[in-house]
Amino acid sequence: MVGRERELALIEGLMARLPGAASAVAVVRGEAGIGKTTLVRAAVADADAAGLRILSGACAPLSGTVAYGGLDAALGVGQATAGEVFTSVAAGRAWAAESMLRTVGEIAEGGAVLVVEDLHWADVSTLDFIAHLSRNLPATGLLVLLTWRDEETDPERARWLSEQVRGPFVTDLPLRRLTLEETTRQLPECSAELLAAVYGRSAGNPYLNAELARDGANPSESLRQVLVSRLGAVEMPARTVVAAAATLGRPLTDDEMLAAASGDPDAVWQACEAGLMVRDPGRGSSARHPVLAEVAYERLLSRDRRQLHTRMAGHLETVLPVRPTAAAVAEVAEQYRRADEPDDGLVWSVRAAVAAEQHYAIAEAGHWYAVAAELWDSARKVRDDVPEKLALLVSAATHLASVGQTDTAVALLDGDLAAMSDTDEEVVRAALSRCWLGTTVGNTEQALRDVELAQRLTSVHDEATWARVCAARAMALGTCSRWDEALGPARTALELGAKCGDLRTVGIVHGMLGSAVGLEGRLSEALGHRETALAIAYKLAEPEDLALAGVVLTDLYWRLGDPDRAAKVAALVRREVGRLMLGRHWLEDIMDGNVVQAFYDAGRWDEAIDWMPDPRDASDLGFFQGVLQLVHLARGDLAAAEEMQAQVEVLSERDQPQFLVMYGEARARLLLLTGHPGEALDVVLSVARTMPDHIFGPDDAADLLTAGLEAAGTAAAPERLEQLVGLLGEVMTTGRTGAAVSAVISGERSRATGANEPDPWLIAAREWAAAGRPYDEARARLRAAEAILASRSGADARRTAAEQLTAARRISERLGAMPLLEQIDKLARLARVDTGSPDPAAVQAEPEVPQGLTDREQQVLALLAAGRTNREIGDALYMSPKTASVHVTHILAKLGVESRVQAAAMAVRLGLDKPQPSGGGRSGRGGRAAEGSADA
C-alpha cells in the first residue's frame, strides 16, 4: 500500500463506522496496473472480522452484453419474476430494480460492502442499477466500492462516470502513479541502479514496477510486453486457460478451466503454479491481473480463439440450470457468437434476448435481438422457433430506443423495409416503429414516408392497426406543427382506438388533440385532453408516454402563465419516469424547458435556474439548454450562456419548428447582448423564412419575434423589420401576449425609423404587466423613457421618463437583470434623471469600477488577484474551469489589460481584490445548481 495510505485510510474510515454510519459510494479509478484491485482487497481484508458482509462482483472485456453481469455473482440477480404481470416492460424493469434495492437494503442492515470491479466493462443494466443505487442508498449500513479503469471509452460510458462521481454521496478516488521515493519503498530489495532503470520504464506504475523488477537489469518497455514474456514461459494449453478468464465476467470454476484446456489438468496446474492464475477454492480462479487475461486472449490465433469459444459454449450449455439467469444464457450466446457458429449463435442469441426480456434487462434484450438479426443471413438453417429477420430488427430497435440508444435503433431499421419481409404485418410493424424514430430524431420526411408505407399495406377493416397508423401520421405531422393536417387522422385514431380498446393509442392521441385545440385558443378543451393523456400514461406505466404527456401539459401551463402548475406536473412526471427508467427520458428536457420558460416569463429567475439540480443531467437535445441560456443572458452571465451555445446550436439541425424557434431566440439574444444586432436580425429572419405560414399558434414564436424586432430597432433597419413582421406578425399578435406584441411592433417600428414614439411602449409596458411578464415590462418602460426623452421636452416629459426608468429599475433590480439595469443607469446618467437608486451620486458620475464588470466577474477578479488558478476559481464559485476561463477572458477585455498579473494589479488599485459574496457555500447539490444560486 505504498503511496496509497490516504486512499486506504479513507475507505477504511467509511467501513469502520458501518453499520451505523450513512451509506456511501467510493469509485477507485486509474490506469491498468495502478493498484485498484490491490487497494480494494486490502481495504476489505478484515471486513469479515468486523462483522461486515462482503458481496463481490466483477466485469470482464466480453461481459458488456451479459445482463447484470457485474452483479449476478454479488447479488444473485437476474431471476425471472414469479408470475407477476406488469402493464409495461418499464414497469417490470422498475419492479426488478426495486426488488434489488430491497435486497441490498436488507443486507445493509447488518453492515455490508458491495464490491464491483472493472465497471468500465459492465453491461448497461449493471450501470443503470449502480447509478440508481447511488441515488437511492439505504440510509445506513452500506458501502458500494467500485473500480474503473481510466482509458478511452465511448461517450455514453464517459458520461455515466462523470455523472456518477459528482453525486452527493460519492467519493472519487483517482489513483496516481508512484514517485521515485515511493517506488524505492515498494521495491526495498532492488539496487539503486535497478530502481532507476525500472522507474525510467514504468513511470511509477506499481504493477509494472513489480513486474519489471522481476526481470532484473533487462526491463521491457511496457506492461503488455512484460505480460507477454510471462505468458511465453508456459505452454499453449496453459496460456489458453488464462485467455479463458477474459471471456467471462467472473472467476472460472475448475471445470471451466478444464474445458478451456481441452480437458488437460496439467495445463490448468501449470497456469496456476506459474502465478498466471490465482485459484481460490471458494470463489473460483481469476487471472493475476485483468490485463494478463486480455493479453493472453489477444495473442491467440483466430482459429484458436474460435476453438476456445466452442469448448466454453459447449460446457456452459451442458451445465445450464433449468431456470437460468439472463446472465447465464447470455454467456452461452456470447461464446457461440465468438466461436463463429452462426446456427447455434442465432438460436442462443434469441434465447438470450428472451431471457433478458423476462428479467427486464431491456438494453441487453435489444442487443441480442440485433445480434440474432446479424447472424440470420449467415445461418445455414433457421429453426422454426426463431422469428424472421425483420421481426428481430424491430424488437431490437424498440428495446434500444426505449433505453436511449436512438441512433443505433435508427441504423438497425435502415433500408427498404418492404424488401425485408414477405409478411405485410411485419413490414407495417417495422414502418410504424421507424416512423416514431424518425419523429424522435427530427426526420419528419422519413417518418411520413413510413406512415404512407404502413397505410398502403393496412386494410381499413383492420381497425386496430389503422388506429395506430392514423396516430403515427398525426404524431409526425404534429411534431412539425402541421396541426391542421394532423387533426383528421388524430380524431380517427381516437375513435378507432377507443373502439378496439387500445388504451395506449387513445392516450397518445389525447395529448396531440390537446396541442391542436390549444393552438386554436380552446384552452379548457385542451386542458381536458392533456390531463386525460397524463392519466392514461400513468396507468399504463409507459415512461415515453408519461414524458410526452408531461411535455404537452407543461406547455399548456406555460401558455396560461401558470408556472406553479407546470412545475407540479413536471415533478410528478419526473418522479414516475425516473422510477420506471432508472434515469431520465430525453423528452423530459422539453418538459423541464417548459417549466423554466414559465418561471422565466413570470420573473421567477432563481426558481428557473434552480429547477434542474444539475443541468448537466440534461440530454444533448439542446432545448433545455436554450431556455436556460435565456435566463443567464438576461442575468448578464455571459460565460455560462456561451458555455451552453454548442449544445443550443444542435437545435438548428432539426426540422421541427419548435426547436428552430428556440435556437433562433437564444442565438439572437446572445448576439444582442454582445453588440451584434445586425447578425441577430439575420438569425431571426433566417429562422422565420423556414417556417410555413400555417404552422404557428398564438405565442409560439412571440419571443423570437420580439428579439428580432429589438435587433431591427437597434440596427435602425425598418425595411427588414417589415419583412419580419410580414413573416411572423399576423399570428403572434392574437394570443395571450398578442396585445403586448402588437405594441412592441409599433414601438420598434418607430425606433427603427427614428420617430421615437413613446405611446406604443407605454401600451406595451401595460400589456406585459397584465400578462405577468415583468422582464418584458421593464424593457418596454426603458424604451418608453428613451422615446420620451428623445421626442419631448419640458419638466413633465422628464418626470414621466423618470417614472418609467424608476419602475424599470425596480423590476430589474428584483430580477437581477444586470445588462438591462446597466442600460437604465446609463440613460439616467446621460439624461441626468434621478431613478431613486440607493446612491444618487452614482447616477451622476462614472463609478470607479469599470463599466460592464458584473458581480460575478468581480468575484472571479478577487480570486484571480489572490493567485487562484481557473480550476480553483471554479471550485470556489461552483463553475467549471472552462467557465472560469471565459470569465477571466471577459475581465481582461473589460479592464483593458493583457495578463492576469495586470488584472490583479488593477483589482488592488480599484479595491476589488477582496472576496465578494457568492451567495452561499457548497451544498453538495451539484456544481451548476449551486452556481445558479450564487448568481441569483
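Arg779 is in contact (heavy atoms within 4.5 Å) with Arg669, Glu710 and Leu820, once its neighbours within four places in sequence are left aside. The model is predicted, so local features need pLDDT of at least 70 and side-chain atom pairs count only at pLDDT 80 or more, while totals for chains, interfaces and linings use all residues. Residues are numbered from 1 along each chain as its sequence is written, and side-chain values use heavy atoms, with hydrogens and water left out.

**Arg779**
- Arg779 lies in helix 40 (residues 774-791), helices being DSSP runs of H or I with at least four residues, numbered from the N terminus.

**Helix 36, which holds Glu710**
- Helix 36 (residues 702-714) has 13 residues, of which 12 are buried, Glu710 and Leu709 being among them.
- Ala716, which follows helix 36, has a positive phi, near 50°.

**Helix 40 against helix 42**
- The axes of helix 40 and helix 42 (residues 818-831) come within 11 Å and cross at roughly 20°, where axes are lines fitted to C-alpha atoms over the stretch in contact and angles run from 0 to 180 degrees between N-to-C directions.
- The two helices, helix 40 and helix 42, are therefore roughly parallel, the word used for angles under 35 degrees.
- The contact is made by residues including Arg779, Tyr775 and Leu782 of helix 40 and Leu820, Ile824 and Leu827 of helix 42.

How values were computed:
The expected span of a helix is 1.5 Å times one less than its number of residues. Buried means under 20% relative accessible area, exposed over 50%, partly exposed in between (1.4 Å probe, protein chains only). Angles under 35 degrees count as roughly parallel, over 145 as roughly antiparallel, 65 to 115 as roughly perpendicular and the rest as oblique.
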